[in-house]
Amino acid sequence: MLIASQTPEYDRLDTPVATPLTMGSSKPKSSNRAYFEANIESCLGRLYGTALQLTRNPSDAEDLVADTVTRGLDKIDTLIDCNRFIYWLLRIMTNHFISECRKIEKRTGHESYVEEPENDEPFSLYERLHQPFLLWWGTPEQDFLNKTLTEDIRAAIETLPVNYRVVVVLSDIEGMSYQEIADTIDVPVGTVRSRLARGRSLLQKALWQHGKESNLIDQKKPGQ
Amino acid sequence: MSMSDDVKIIQCEEAIRKMLEYIDEELHQHDHASMEKHLESCRECYSRMEFEQRLKSMVKDSGSEPAPPGLNKRINKIIKDY
Ligand SMILES: [Zn+2]
């Protein structure tokens, strides 16, 4: 069962579902289907936004949303709490996405596509920017962010291995708690915590590399 | 004020280690209070926290993208044909 393991602590999170309606197992199956049909449209924007962050390609994102809807209809009986409709859909979407990526990884032999090898040092963009020789010019960290475009952030997210991209998107874009992410992708909370720390570190590293390549950082000074 | 007396004093190293979980509001109450106390008195960590927070909100803003007009139609068709 997809969301059978829910505990009451998730009740604090509101979802954009219009009609609060909790269904017990005694309800006829067709009412789940009716709820799905009535509410799917209001979720499409959010599903597409997340799909786009995950796939980084508009046409793949549309396919992912379409697959999610089909799979949702297949698994309609696992929709237990309609207040959690969007999270139920996001769960179907992320798990489908991860499993498709694993297939690509297997097929292409591209090992760090889903998971990054563990030997990477933590990277802090703030520490790189907040150095005495750069501080002569004011506030390099703030200047860096001022010059960073939405496209730069999106490109950096795209470089993340899938396992890290998923937690960064669910946390920083979807605003899910660590526990909710853990429930969505079926891993322990500790794994979410470490993947998120690592994912953000990789994201900052990608922004730093990009900043150097596009001359957002003064490279003439020593230490670069 | 017995509340503030109970707050554990932490150093920069610990504050930096817990910074992202602080921003995510995932720290336990007592750790959260220790962080707040540290940030009140440490300009360096406060500036780092502002940076991380701003970057996080930039990542959030990068995620909003309206669904393309054709998607709705495609989804309706899937539901109808299912
Ligand atoms: Zn400090």
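A polar contact is a pair of N or O atoms within 3.5 Å; within protein, one must be able to donate a hydrogen and the other to accept it, and residues adjacent in sequence count only if both atoms are side-chain atoms. This is a predicted model, in which local features need pLDDT of at least 70 and side-chain atom pairs count only at pLDDT 80 or more, while totals for chains, interfaces and linings use all residues. Residues are numbered from 1 along each chain as its sequence is written, chains are lettered from A in the order in which they are written, and side-chain values use heavy atoms, without hydrogens and water.

**Exercise 1.** Describe the interface of chain A and chain B.

*Solution.* 
- Step 1. With contact meaning heavy atoms within 4.5 Å, 45 residues of chain A touch 29 residues of chain B.
- Step 2. Polar contacts across this interface link 19 residue pairs, both residues at pLDDT 80 or more.
- Step 3. Helix 1 of chain A gives the largest share of the side that touches chain B, 11 residues. Helices here are DSSP runs (H or I, at least four residues), numbered from the N terminus.

**Exercise 2.** Identify the donors and the geometry of the zinc ion.

*Solution.* 
- Step 1. Take as donors the N, O and S atoms within 2.8 Å of the metal (3.2 Å for Na, K and Ca).
- Step 2. C12(B) (SG), H38(B) (NE2), C42(B) (SG) and C45(B) (SG) coordinate the zinc ion at 2.1 to 2.4 Å.
- Step 3. The angles among the 4 donor atoms are 103 to 115°, and the site is tetrahedral (four donors, all angles between 85 and 135 degrees).

Note on methods
Helix = DSSP H or I, 4+ residues; strand = E, 2+ residues; numbered from the N terminus. Tetrahedral: all angles 85-135°; square planar, octahedral: opposite > 155°, others 65-115°.
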